[in-house]
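Below is a briefing on a structure, arranged by topic. Please look at the sequence and the coordinates before reading the notes.

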Protein chains: 2
Amino acid sequence: MRLSRYFLPILKENPKEAEIVSHRLMLRAGMIRQQSAGIYSWLPLGLRVLNKIQRIVEEEQHRAGAVQLLMPTVQSADLWRESGRYEAYGKEMLRITDRHERDMLFGPTNEEMITDIFRSSVRSYKDLPLNLYHIQWKFRDEVRPRFGVMRGREFLMKDAYSFDLDQEKAVESYNRMFVAYLRTYRRMGLTAIPMRAETGPIGGDLSHEFIVLAETGESAVYCHSDFLEKDIPGNDVDFDGDLSAIVADWTSNYAATEDVVDMAEFEASVPEDKRISARGIEVGQTFYFGTKYSEPMGATVTGPDGKDVPVHMGSYGVGVSRLLGAIIEASHDENGIIWPASVAPFHVGLVNLKPGDALTDPVCEDLYAKMEAAGIEVLYDDTDQRAGAKFAAMDVIGLPYQVIAGPRGLKDGLLEVKDRKTGEKEMLSAEATLNKLTAALTV
Amino acid sequence: MRLSRYFLPILKENPKEAEIVSHRLMLRAGMIRQQSAGIYSWLPLGLRVLNKIQRIVEEEQHRAGAVQLLMPTVQSADLWRESGRYEAYGKEMLRITDRHERDMLFGPTNEEMITDIFRSSVRSYKDLPLNLYHIQWKFRDEVRPRFGVMRGREFLMKDAYSFDLDQEKAVESYNRMFVAYLRTYRRMGLTAIPMRAETGPIGGDLSHEFIVLAETGESAVYCHSDFLEKDIPGNDVDFDGDLSAIVADWTSNYAATEDVVDMAEFEASVPEDKRISARGIEVGQTFYFGTKYSEPMGATVTGPDGKDVPVHMGSYGVGVSRLLGAIIEASHDENGIIWPASVAPFHVGLVNLKPGDALTDPVCEDLYAKMEAAGIEVLYDDTDQRAGAKFAAMDVIGLPYQVIAGPRGLKDGLLEVKDRKTGEKEMLSAEATLNKLTAALTV
């Protein structure tokens with residue numbers, strides 16, 4: 001993408017309203033724009049990251065056997081009256097009345113609607129296990145939205161819903177999502193620790209919050225430091241096999257949020273030099289809640305014995321839009337964002353220091369074309385801004401590599417290649433630059 | 001995808017509520033499910049088609065130079081008060097009051113918000129032309145939603161917005177979208193005819209509706225039959241060049257909807273044997289409306305002469321979710337949908353007539369793996385339903401090819417390969433089947 005044809009409104013000043021670094025950097029990097037309290041437009045650079053995060057979530061959900069559909073944002077209140085949550089949900093639910101005076105709402109979650117879809121078409125235990133998920137905009141009318149996309153009102157969430165014949169099978173479904181989550185977050189460069197959690201308005205007996213440690217996290221967390229060293233299940237993990245050993249391994253050490261922590265237990269079970277007491281950001285939560293929705297809503301299947309039984313359900317959320325904030329909180333420096341390559345909006349920023357120059361133009365054009373042809377995503381700064389502004393903008397937006405083409409270096413046929421994370425710079429020929437970046441960025 | 005692990009709730013009976021064939025077939029094929037009047041869930045098969053249509057729209061918008069972002073669904077009423085449309089829009093706007101008693105709305109379109117984004121960051125004519133688009137769920141509270149996704153309340157729309165210094169440049173932007181639209185619809189197997197149109201609540205002087213002819217179309221249309229034979233601009237069309245000759249060619253013959261038709265002009269300008277008087281489905285609309293929004297909202301740039309002038313704008317919609325209905329209206333038979341390969345949910349339906357059989361299982365598994373590895377998307381029916389139900393389901397969902405593996409044919413090493421569109425069947429070896437489908441379905 002040529003910057004001269006792109007829309008990248010970089011802010012030079014730190015926006016006053018932003019209290020935490022991810023919010024500040026997303027505004028400065030021209031990724032988002034607030035439209036109302038807690039409601040954001042995703043500018044082109046932000047949307048690219050959002051889409052990449054979404055793709056990783058989709059790939060791992062698919063790998064774990066979940067099937068994607070898409071439910072609407074606006075729901076009928078009647079469904080929520082069936083489960084008893086319409087009154088219970090309180091002021092966070094955005095309630096709407098349509099032109100025919102029907103009670104509607106902007107969905108904050110979809111347990112009721114997916115249960116309705118299930119009961120309308122699934123009849124037999126032979127169609128189980130079933131795990132249906134979608135990635136859709138939700139709305140929670142937070143009393144005090146803040147921290148940018150970390151606690152917005154309109155937000156993008158992945159929510160999956162599993163249906164099984166009994167608790168034993170439901171726990172197998174739970175384990176598949178648990179393992180998928182470990183893989184999902186790691187692919188974005190994050191270590192998310194599953195912690196015992198309260199079930200809140202979703203309900204149920206078994207629940208984990210997946211927490212990324214960060215100074216600006218919203219809650220205090222307590223866990224064993226071994227979590228930071230644990231291996232993640234690889235590409236070859238068999239989702240048709242028994243995953244209970246992996247889940248047992250990832251839940252054997254103490255980890256709890258402040259809502260449920262038992263300090264005596266924490267101190268008794270974790271040696272002093274292994275205790276982490278920190279702050280954390282919740283990036284996902286898993287629930288097993290049995291027949292809480294299937295019973296009142298009549299979602300039953302005929303079992304092997306010919307009798308109808310309510311299905312056992314779980315739900316599994318990932319905060320897709322919130323993840324941008326979490327990744328930035330975990331990966332930045334004083335100059336801006338440092339994107340892991342897997343979710344970077346572009347892989348390489350190619351900076352032409354003197355557009356119109358007889359040396360820089362042909363080298364940049366040629367390298368730009370060759371990198372794109374090699375599958376490298378390039379943001380090509382072909383604008384006539386001054387060098388300092390170009391460098392600062394590239395650092396703020398945090399692409400993994402910068403390639404700087406200036407008349408001085410090119411007299412010797414050399415470009416400067418900078419690794420955004422380490423800050424290391426080297427002078428390379430155009431060919432060596434292409435080879436290095438192709439090796440680093442493509443499979 | 002193995003059907004045994006998928007979610008495809010085929011309806012055997014024709015649903016009573018569906019008045020038109022696309023609505024009927026989308027329900028029967030398990031593509032959508034109504035959640036409230038005019039509000040649908042997109043079941044897995046429907047979502048796959050929706051995503052493919054969206055990708056084509058995105059590719060052609062990108063080719064024409066438009067830059068993608070994403071605006072939220074919920075908007076502040078204050079923005080619409082600036083343009084004067086908040087009161088004017090009437091009951092089709094879904095109005096919402098949040099917990100702090102602020103007036104909000106579920107966006108039916110985004111002229112105001114994109115103008116607000118533009119004015120907040122673009123200052124100079126040097127940053128023009130600019131065309132920003134998004135693909136987002138919209139809501140229009142239709143008094144009588146019907147025809148499934150053709151006239152729903154919550155619907156997916158692509159809307160692009162162009163910004164230029166003056167009318168001449170704005171018409172160039174208009175022409176780029178005009179040509180992009182010709183290409184977009186053709187890639188989905190549709191011939192969309194640009195017709196003179198009323199501008200309605202968007203406003204402006206220059207507008208075309210892109211209309212697909214179909215018996216079940218919502219409005220009467222009148223046009224020259226030459227439109228059905230015209231060439232579409234190819235992959236090599238230069239969006240940086242002058243597109244006015246293409247637009248002139250595509251607007252030289254008479255074409256108008258009933259809202260604006262002048263029958264005397266129609267009959268005077270089109271020879272009798274070339275007159276088409278038919279019904280049509282609107283699948284997109286383009287508008288040039290000058291400074292209608294930029295003036296009241298203060299969206300100005302500094303021109304070459306140093307003076308601030310309001311920008312000239314246009315907007316360009318494509319009814320993404322509605323296109324599924326339009327494509328089905330244009331391409332079906334008495335047995336079901338006939339998808340063009342470009343938007344088909346899967347390319348091939350592989351039917352194992354006897355799962356568990358020593359002949360059919362290994363052939364199907366091997367062919368399934370090889371087709372997927374070749375980039376062919378396969379829905380593999382590995383269920384134990386009876387043959388008749390399997391055939392009927394494959395015809396209803398309308399994948400371009402069916403491959404039938406039965407014990408009888410496989411005694412001679414042969415599979416039946418059926419072309420869904422022509423109905424032609426041939427008996428081929430597994431190797432010949434793979435070669436034929438790879439040649440037909442991959443680039």
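This is a predicted model: local features need pLDDT of at least 70, side-chain atom pairs count only at pLDDT 80 or more; totals for chains, interfaces and linings use all residues.

Residues are numbered from 1 along each chain as its sequence is written, chains are lettered from A and ligands numbered from 1 in the order in which they are written, and side-chain values use heavy atoms, with hydrogens and water left out.

**Interface of chains A and B**

- Contact (heavy atoms within 4.5 Å) involves 56 residues of chain A and 56 residues of chain B.
- The two chains bury about 4600 Å² between them, 60% of it on carbon and sulfur atoms; buried area is the accessible area (1.4 Å probe) that two parts lose on being put together, summed over both.
- On the chain A side, A:Phe7, A:Leu70 and A:Arg99 lose the most area to chain B, together 15% of what that side buries.
- Between the chains there are 6 salt bridges, each a side-chain nitrogen of Lys or Arg within 4 Å of a carboxyl oxygen of Asp or Glu.
- A:Asp240 forms a salt bridge with B:Arg5, with the closest N and O atoms 3.2 Å apart.
- The side of chain A that touches chain B has 29 nonpolar, 12 polar and 15 charged residues; Ala, Val, Leu, Ile, Met, Phe, Trp, Tyr, Cys and Pro count as nonpolar, Asp, Glu, Lys and Arg as charged, and the others, Gly among them, as polar.

**B:Thr360**

- B:Thr360 is in helix H11 (residues 360-373) of chain B; helices (H or I, at least four residues) and strands (E, at least two) are DSSP runs, numbered from the N terminus.
- B:Thr360 has a relative accessible area of 0% and is therefore buried (buried is under 20% relative accessible area, exposed over 50%, partly exposed in between; 1.4 Å probe, protein chains only).
- The side chains of B:Thr360 and B:Asn352 are joined by a polar contact of 2.9 Å; such a contact is a pair of N or O atoms within 3.5 Å, where within protein one must be able to donate a hydrogen and the other to accept it, and residues adjacent in sequence count only if both atoms are side-chain atoms.
- A polar atom of the B:Thr360 side chain also lies 2.9 Å from the backbone oxygen of B:Lys354.

**Aromatic pairs**

- Over all chains there are 31 aromatic pairs: rings of Phe, Tyr and Trp (its six-membered ring) with centres within 6.5 Å, stacked if the planes are under 30 degrees apart, edge-to-face if over 60 and tilted for the rest.
- B:Tyr181 and B:Phe210 are edge-to-face, at 5.3 Å centre to centre and 65 degrees between the planes.
- B:Tyr181 is in helix H6 (residues 167-187) and B:Phe210 in strand S10 (residues 206-213) of chain B, 29 residues apart.
- Both B:Tyr181 and B:Phe210 are buried.
- Ring pairs link A:Phe106, A:Phe139, B:Phe106 and B:Phe139 into a cluster.

- In helix H5 (residues 111-121) of chain A, 8 of the 11 residues are buried, including A:Met113 and A:Phe118.
- Cis peptide bonds, with omega about 0 degrees, join A:Leu128 to A:Pro129 and B:Leu128 to B:Pro129.
- A:Phe147 has a positive phi near 60 degrees and is buried at 17% relative accessible area.
- B:Glu101 has a positive phi of about 65 degrees and counts as exposed at 63% relative accessibility.
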